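Hi,

Here is the structure I promised to pass on. Have a look first, and my notes follow below.

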Amino acid sequence: MKKDGFNFLVLLLLVCTSLFLSYMTWSQISSGPVKKSFELIENRPVDLEEFLKPSQVIVSFGQNTHTVLNQENPYFEETWGYLKSYTGKISSSVSVTGTSQIDKFLQKRGIEFVFDSSLPYSLLKTLLNLNVDTPVLKDDPRIVSVVLAEDDGLSVFLKGESGELFKIGSTKEYGEFTSIVTKIKEAKTPLYTLLPKTNLYIKISKDIYIPLDNLKLPVYSVKSAKNNLQNIASKFFPDFTIARKIEEKDGAIIFTDGTRGLRIFPKGGLEFTRPLFKEQKTKSNFKDVLTNAANFIASHGGFPKSAYLSSYKVNNQSITFVFRERLNGLPLIKSKDYLVVTVEDNQVTYYYRWLKEGEKIEERITAVSPIKAIDMVVGAKKIKEIYDLYLAYAEKDGFYLPVWVIKTDKGEFYVDARNASEITLMPSGDDV
Amino acid sequence: MKRIGIALILVLLMLFLFTTIASAEENFIIFKPEKDSTSEKVLPISGQTEPDSVIVVFLNGEKKDEITVGASGIFATQLELTEGVNKVSFKVTFPSGTTKTFTKKILLINEDQMSASILQLIKAILILK
């Protein structure tokens, strides 16, 4: 009897342990551990391609059927690699094709690589190993996308900001292209269609692709950043021993040496300013300035691996670069720009960063259709024109929520992809 | 004279309103597909019409989708075609209550069969030659 009692206890213990371990395993799988997807590049120079790769690859299967790949898609790297290998072999003259041609390309097979921000041709040359120099491109036009299209064999076009097409090469041998497009089609990636541009009740300004099926996306909870930025404060000063430390009532900490100033916010933000030292004036091109900005971020807090160049503004001698991070392949939006660098005469004169540490999947939702999001905004805001529409993640109340971002003639709006309600990104944390 | 003038103005006003309403109801545009034939089995459809209209989509007489059009007037859907001629119909009920049906015929071409037919045609021409 005693032995039976002991065996029973052992059995009970084993069952309880098994149940406990199963619970631990399945809770990790369903909601996910806290991930640090915002990994940082800290100890090496940043390669431009790491943050200048296209945000989207639009694949046309012919006859107005398309799919859109983001960087998380397994075929993204293959298509990008194919483009680079193709453009690396081009060395031909350039002709300007015009804007009307793009419509005929939509009927045929093709791939369009769309960048987050338009890039000067001189920078794109480096990115794509292009060896094409011609008077047609001497003004260094800004390029929004690169198009591979079945035209005279397979041709490559650079698409400018005004929609003009620059044909830079063609080939009759494009079996690999056909194979890639066929492979993507057979993978049954979600189909997309173009929003109608008929201008009946609402005008659509540009080509906007929308999914025909509602996409499934995770909702994340945000893990707050630990405030360990004081550890890197010394990197901002040539002689940190002379820098004074001031603690403010709101918990912010300021370091200053009389010319440079560094403010570390209590909730994880950082802002640095310094005047331009005129005696250090140097001439440099856009690529060098951008490289300088990226490497500054890497050496002062780390360059997020998921970061990309969202926009830039040239103002006399200074360029302000705005970077954003991606989450699940989609842009991450906050109430204000959260990774900004201003470079003047190749010196960083302003730097702001406000990053989070990681995130955890809380649930998975089926996003509302983009047409429903447009209808909400049109009905509520009486808009007349849509400039752009895309999916993103927005940080709100401790969560990263999937939202439809709609840019209109009345401003930019964010529609919760869970229920098509409008979201306002209220200032929080360091930007209050 | 005065009465004639008022009557004329009223008639013109009614004509104007009628034209406006009629032209609003006429607004049903299919943006995609543009062509009448395709070799793609899945057919994306998109268009624009009067907001708050209801569109019932039929394929070869069978109801496939029902769309309530929102404030933007935009709609989109997709259909899986069968080989040969497909009759795609859109029964649109406008907010005024008027119902109209718009029909489009789309030919689904089997690419393999098309290639085989062309090959046979070439062989026939060569034989005749």
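A:Lys185 and B:Glu40 form a salt bridge, with their closest N and O atoms 2.8 Å apart (a side-chain nitrogen of Lys or Arg within 4 Å of a carboxyl oxygen of Asp or Glu). By this rule, the interface of chain A and chain B has 1 salt bridge.

This is a predicted model, where local features need pLDDT of at least 70 and side-chain atom pairs count only at pLDDT 80 or more, while totals for chains, interfaces and linings use all residues. Residues are numbered from 1 along each chain as its sequence is written, chains are lettered from A and ligands numbered from 1 in the order in which they are written, and side-chain values use heavy atoms, without hydrogens and water.

Chain A brings 27 residues to the contact and chain B 28 residues, counting heavy atoms within 4.5 Å. About 2,200 Å² is buried between the two chains, 62% of it from carbon and sulfur atoms (accessible area, 1.4 Å probe, lost on putting two parts together and summed over both).

Chain B also has an open sheet of 3 strands in the order β1-β3-β6, with antiparallel pairing (strands are DSSP runs of E, at least two residues, numbered from the N terminus; two of them pair if DSSP finds at least two bridges between them). β1 (28–32) and β6 (74–80) of chain B are at the edges with a single partner strand each, so one side of each has no neighbour in the sheet. β1(B) is joined to β3 (residues 42–49) of chain B by 4 bridges, and B:Lys32 sits opposite B:Ser46 in β3(B).

Best wishes
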